Amino acid sequence: MDMSAVASAPLELQQRRGLLLGAAGWTAVIAVVLIITVGIPVLNLVVPADSVFHVSDYTVSLAGKILCYAICALAMDLIWGYTGILSLGHGLFFALGGYAMGMYLMRQIGRDGQYKADMPDFMVFLNWKQYPWHWTFSDSFVFQVLMVVLVPGLLAFVFGWFAFRSRIKGVYFSIITQAMTFAAMLLFFRNETGFGGNNGFTDFKRILGIPVTTPQMRVTLFAISGCVLVAFYLMARAIVHSKYGRVLQAIRDAESRVMFTGYDPVAYKLSIWTLSAVMCAIAGALYVPQVGIINPSEMSPAASIEIAIWTAVGGRATLIGPIVGAFFVNGAKSWFTAAFPEFWLYFLGALFIAVTLFLPNGIIGLLRKKREARL
Amino acid sequence: MTPDLMEEGARRMQAYAQRQAERTASGGRSASFRRLVKVGEPDFAHGVALYLEDITVSFDGFKALNNLSLTVNVGELRCIIGPNGAGKTTMMDCITGKTRPDAGKAFFGSTIDLLRLAEADIAQIGIGRKFQKPTVYEDLSVFENLELALADDRRARASLWSRLSGAQLDRIGEVLTLIHLRDDAQRTAGLLSHGQKQWLEIGMLLMQDPKLLLLDEPVAGMTDEETERTAELFLSLEGKHSLVVVEHDMKFVELLTQGHKTVTVLHEGSVLAEGKLADVQANDKVVEVYLGR
């Protein structure tokens with residue numbers, strides 16, 4: 001056989017794989033970025049409220065919130081969809097990122113709180129005279145943004161290092177992550193922990209000295225969340241299309257084969273696990289100024305399970321799937337909880353069962369199957 | 001002092017001087033005195049690829065391996081047979097680091113102590129293993145399966161930026177042809193037949209370019225034609241690589257041994273007999289073990 005013919009087809013494949021996105025893909029990305037940064041802000045701020053094209057404040061804040069959820073779902077997809085490690089504790093990283101940002105927002109309230117005091121209201125209420133040690137640099141935006149990344153990242157790294165080195169896998173790993181977030185929730189419920197106990201942080205006034213509740217700030221935060229999501233999507237795409245990403249999928253399909261091929265799965269799992277946690281933390285930091293509250297309920301086991309549901313509904317191991325899933329489930333949630341508030345949890349349960357039974361690859365899997373059938 | 005005693009003394013002094021002169025760092029084997037042993041690379045100068053001594057493994061009191069000793073020479077193709085539960089797979093687990101033996105020694109070449117290394121390290125120094133149940137990455141394509149097995153930098157950061165070179169692509173192309181999956185390169189591995197998956201896994205082993213291949217029932221589920229082609233492939237590897245083949249299929253063992261190679265029979269965790277296939281099959285103890293079941 002001619003040797004050049006032998007290598008030609010794989011070579012072609014390799015070149016195709018070298019590109020992050022095709023022309024259509026890049027066009028779509030640019031279109032989405034324009035809609036997020038120009039389209040929606042104009043439709044919300046400039047177009048008058050009685051026009052049919054007006055996008056309401058409610059829609060912007062809901063969409064901004066869901067964009068943060070979508071980042072979590074994307075992070076979950078990297079660790080669960082591609083690496084096969086189901087985390088039921090990602091809500092913890094989301095909440096820690098949110099708390100780190102919340103601490104800064106609390107300091108920005110200044111003397112505008114209920115007690116008109118220098119310190120945040122909950123500290124005045126607890127009769128604290130000085131800041132606890134972990135609040136020392138909380139008035140610095142740069143420092144707290146660093147903490148958004150470092151604290152959850154370090155926690156994930158240390159937790160992952162012990163778990164993966166001890167070869168904890170499958171359902172055992174999921175249960176431990178669930179226990180971790182539950183333990184953290186109990187810790188944050190205590191007033192002595194110094195994070196406002198069960199009330200958490202709320203009543204934010206400013207960010208970087210700019211009022212946080214204005215329409216302009218709402219749209220700005222929405223646009224930043226959208227751009228971060230697009231950037232993370234591109235990053236995730238680059239990761240899963242690299243050899244590193246294929247090793248992750250190999251770990252999911254046959255970890256022992258990966259080990260006996262000479263790869264050390266711990267390094268791979270630990271790096272993607274930490275990255276996934278940091279993505280969630282950044283989503284949490286973007287989420288808190290938009291919804292105006294962070295409290296320990298974000299660390300409840302149910303919150304973490306919901307992230308897994310968004311990912312499963314949208315379609316695991318398809319990067320766009322989790323984003324679609326986050327919008328679908330949360331869109332349905334906001335409609336259902338308004339129309340039939342008492343049935344939402346039943347609907348969510350039924351949705352999860354239906355997806356597990358009938359749509360193993362989620363909504364995106366279904367659409368792909370339809371398209372293939374038509375071709 | 002008598003002349004006898006003087007002569008005896010002179011002879012002993014001469015013998016002592018000669019022993020002193022012959023003494024070298026390698027214990028009197030002259031050839032190895034100036035040979036450097038490279039760190040992290042197996043040393044095959046003594047002709048031994050794999051050396052197991054008195055390996056014992058027990059699971060809850062059951063001795064899966066019981067003082068197992070085995071030597072495989074460099075370039076040798078060694079078949080290992082034995083009834084179910086004889087400890088064949090446990091032996092492979094010990095060699096590849098999956099199971100730690102309770103006692104015994106396991107060396108790769110003459111310098112590398114396998115009992116001190118983790119699975120991934122053992123694979124990196126050149127021991128490849130094929131599982132009993134074909135284990136491939138079901139959701140990746142055949143091409144990608146081979147790409148991941150390619151001998152290359154295995155670290156996470158390196159793999160993030162890794163691009164295949166022309167030579168590596170050619171190598172993948174060669175192996176694809178060798179394992180008769182050239183036309184299925186883009187197919188998802190999960191869609192292959194059982195026999196094709198076996199071949200793919202063998203192909204992945206070849207991509208690793210191991211010095212020692214451990215093959216656990218490589219022809220299970222293959223058609224007669226595929227079995228023959230597998231035997232041909234293994235015979236072509238003999239000499240360049242050392243191979244240990246665990247197999248139940250006597251026809252396949254016959255093909256591989258070609259009537260003269262050594263076959264090892266395992267029974268209850270230790271070596272029952274060793275020798276040519278015909279001799280082993282005539283061995284009373286072996287007949288008893290096989291027919292007694």
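**Architecture of a predicted two-chain complex**

In the hairpin formed by E9(B) and E10(B), two residues lie between the strands, and B:Glu268 adopts a positive phi near 50°. Helices (H or I, at least four residues) and strands (E, at least two) are DSSP runs numbered from the N terminus. The model is predicted: local features need pLDDT of at least 70 and side-chain atom pairs count only at pLDDT 80 or more, whereas totals for chains, interfaces and linings use all residues. Residues are numbered from 1 along each chain as its sequence is written, and chains are lettered from A and ligands numbered from 1 in the order in which they are written.

The predictor assigns the complex an ipTM of 0.85 and a pTM of 0.88. For chain A, the mean pLDDT (the predictor's confidence in each residue, from 0 to 100) is 91, and 95% of its residues reach 70 or more. Residues 1-8 of chain A have a pLDDT below 50, and beyond near neighbours in sequence this stretch has nine contacts in the model. Two residues are taken to be in contact if their C-beta atoms, placed from the backbone, lie within 7 Å. Chain B averages a pLDDT of 88, with 94% of the residues scoring at least 70.

Chain A contains 14 helices and four strands. Its C-alpha atoms fill a box of roughly 85 × 55 × 40 Å along the principal axes. Of the 375 residues in chain A, 42% are buried. A residue counts as buried if 20 or more other C-beta atoms lie within 10 Å of its own, as exposed if 12 or fewer do, and as partly exposed in between, with C-beta atoms placed from the backbone. Among the contacts in chain A with a separation of 6 or more, 77% involve residues 24 or more positions apart.

Within chain A, helix H12 (residues 320-339) and helix H14 (residues 362-374) pack at an angle of about 115°, with their axes 7 Å apart. Axes are lines fitted to C-alpha atoms, for helices over the stretch in contact, and angles run from 0 to 180 degrees between N-to-C directions. On the H12(A) side, A:Ile320, A:Gly321, A:Val324, A:Gly325 and A:Phe328 meet A:Gly362, A:Ile363 and A:Ile364 of H14(A). By class, this contact has five nonpolar, three polar and no charged residues. Ala, Val, Leu, Ile, Met, Phe, Trp, Tyr, Cys and Pro count as nonpolar, Asp, Glu, Lys and Arg as charged, and the others, Gly among them, as polar.

The secondary structure of chain B comprises eleven helices and ten strands, and its C-alpha atoms fill a box of roughly 90 × 55 × 40 Å along the principal axes. Buried residues account for 41% of the 293 residues of chain B. Of the contacts in chain B between residues at least 6 apart in sequence, 66% join residues at least 24 apart.

Six strands of chain B form an open sheet of mixed pairing in the order E6-E7-E8-E3-E9-E10; two strands pair if DSSP finds at least two bridges between them. Strand E6 (127-130) and strand E10 (270-276) of chain B are the edge strands, each pairing on one side only. Neighbouring strands of the sheet are turned by 20° against each other on average, direction ignored. Helix H9 (residues 250-257) of chain B packs on this sheet, touching E3, E8 and strand E9 (262-267) of chain B, and its direction makes about 155° with that of E3(B).

Strand E8 (residues 242-246) of chain B runs parallel to strand E3 (residues 77-81) of chain B, to which four bridges join it; B:Ile80 has B:Val246 as its bridge partner in E8(B). Five bridges join E8(B) to strand E7 (residues 212-216) of chain B, again in parallel, and B:Leu215 is partnered by B:Val245. Five of the five residues of E8(B) are buried: B:Ser242, B:Val244 and B:Val246 lie on one side, and B:Leu243 and B:Val245 on the other. E9(B) and E10(B) pair in the antiparallel sense over six bridges.

The contact between the chains takes 29 residues from chain A and 33 residues from chain B. On the side of chain A that touches chain B, the elements giving two or more residues are helix H1 (3-18), helix H9 (243-260) and helix H10 (265-291) of chain A. H9(A) gives the most, with twelve residues. By class, this side of chain A has 17 nonpolar, seven polar and five charged residues.
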